[in-house]
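These are my notebook entries on one structure, written down in the order in which I looked things up. I began with the ligand and what stands around it.

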Amino acid sequence: MIRFEQVTKRYPDGTTAVEDLSFEVAEGELVTLVGPSGCGKTTTMKMVNRLIEPTSGRVLVNGEDVAATDPVRLRRSIGYVIQQVGLLPHRTVLDNTATVPRLLGGTRRQSRERAAELLDLVGLDPAVYGGRYPDQLSGGQRQRVGVARALAADPPVLLMDEPFGAVDPVVRERLQNEFLALQAELRKTVLLVTHDLEEAVRLGDRIAVYGHGRIEQLDAPAAVLGAP
Ligand code: ADP
Ligand code: ADP
């Protein structure tokens with residue numbers, strides 16, 4: 001579903017962020033990218049939705065070279081969740097969530113119904129939270145809205161960059177468990193970036209362990225943890 005073929009990214013200042021990267025994420029698989037800050041995880045992820053272009057090599061999504069795919073169409077088929085979810089501060093939670101359904105051509109009413117469904121899906125009762133503004137939510141609740149929005153277009157692929165990184169450990173564990181349950185149901189093809197090995201192992205079907213600019217190991221949780 002997602003395939004990297006000998007991908008290298010060098011930034012204009014000469015920094016090589018990733019070098020000769022080749023790996024695949026199967027349909028419905030969740031692969032976590034883990035490693036210390038600056039080892040190339042975010043760069044890898046952003047080449048999937050063309051926020052960053054590779055210097056050489058190819059990235060394929062569903063067999064299509066992303067370099068040959070219209071970025072707008074590409075990003076519609078790829079949900080994106082980042083650490084600090086950017087919600088529109090002067091719109092309610094329901095309206096924030098309805099933005100994508102609206103852009104996709106839904107009527108106001110249809111879009112709000114879809115938004116309510118999505119909020120429900122991520123564990124936010126729309127009747128309680130739909131009318132609130134983003135600054136009236138906890139950090140964990142804001143991340144849930146971020147996940148709801150990323151799922152709005154029902155994309156087959158999800159990119160998640162430290163999605164649970166900005167919340168305290170107790171909330172993080174709850175969000176992780178909720179996300180695992182959701183993923184068991186939705187079976188999205190997911191790349192998830194984290195610097196937390198415990199999170200990587202808990203969430204990933206497979207874990208890509210990054211060293212500087214390359215993947216040093218790509219394996220199932222038990223193998224990464226060193227079990228026989
Ligand atoms: P990670 O996500 O693992 O923290 P990044 O992919 O963000 O790593 O960064 C990989 C390397 O590329 C780091 O050395 C980082 O400083 C560098 N880098 C990232 N973005 C840029 C940029 N726009 N220009 C130059 N160097 C960059
Ligand atoms: P994000 O904040 O979503 O992780 P950014 O594109 O802001 O992604 O940057 C990714 C990483 O690359 C960050 O760690 C950032 O500090 C680093 N970075 C961004 N621009 C540069 C740059 N010009 N030189 C070195 N590192 C950079």
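**Entry 1: the ligand**

I sorted the shell around ligand 1 by class and found 4 nonpolar, 6 polar and 2 charged residues, where Ala, Val, Leu, Ile, Met, Phe, Trp, Tyr, Cys and Pro count as nonpolar, Asp, Glu, Lys and Arg as charged, and the others, Gly among them, as polar. I note at once that this is a predicted model, in which local features need pLDDT of at least 70 and side-chain atom pairs count only at pLDDT 80 or more, while totals for chains, interfaces and linings use all residues. Residues are numbered from 1 along each chain as its sequence is written, chains are lettered from A and ligands numbered from 1 in the order in which they are written, and side-chain values use heavy atoms, with hydrogens and water left out.

Among the residues that surround ligand 1 I listed Tyr 11, Asp 13, Pro 36, Lys 41 and Thr 42, a residue being near if one of its heavy atoms lies within 4 Å. Helix α1 (residues 41-46) gives the largest share of this shell, 3 residues; helices (H or I, at least four residues) and strands (E, at least two) are DSSP runs, numbered from the N terminus.

I then looked up polar contacts, which are pairs of N or O atoms within 3.5 Å. A polar backbone atom of Gly 38 is 2.7 Å from an oxygen atom of ligand 1, a backbone N or O atom of Cys 39 lies 3.1 Å from an oxygen atom of the ligand, and for a polar backbone atom of Gly 40 the distance to a ligand oxygen is 3.0 Å. Of the 550 Å² of accessible area that ligand 1 has on its own, the protein covers 63%, by the Shrake-Rupley method with a 1.4 Å probe.

**Entry 2: the open sheet**

Here I followed the strand order, which is β2-β1-β4-β5 in an open sheet of 4 strands with antiparallel pairing; two strands pair if DSSP finds at least two bridges between them. β2 (16-25) and β5 (64-65) stand at the edges with a single partner strand each, so one side of each has no neighbour in the sheet.

Strand β1 (residues 2-10) is joined to β2 by 6 antiparallel bridges, and I picked out Arg 3, whose bridge partner in β2 is Glu 24. The hairpin of β1 and β2 has 5 residues between the strands, and in this hairpin Gly 14 takes a positive phi near 100°. At β5, 2 bridges join this strand to β4 (residues 56-61), again antiparallel, and Val 61 has Glu 64 as its bridge partner in β5.

Which sense do β3 and β9 pair in, parallel or antiparallel? I found that β3 (residues 30-34) and β9 (residues 206-211) pair in the parallel sense over 4 bridges, and that the bridge partner of Val 31 in β9 is Arg 206. β9 also pairs with β10 (residues 214-219), over 5 bridges in the antiparallel sense, with Tyr 210 opposite Ile 215 in β10. These two strands, β9 and β10, form a hairpin with 2 residues between them, and Gly 213 in the turn has a positive phi of about 75°.

Conventions. A polar contact is a pair of N or O atoms within 3.5 Å; within protein, one must be able to donate a hydrogen and the other to accept it, and residues adjacent in sequence count only if both atoms are side-chain atoms.
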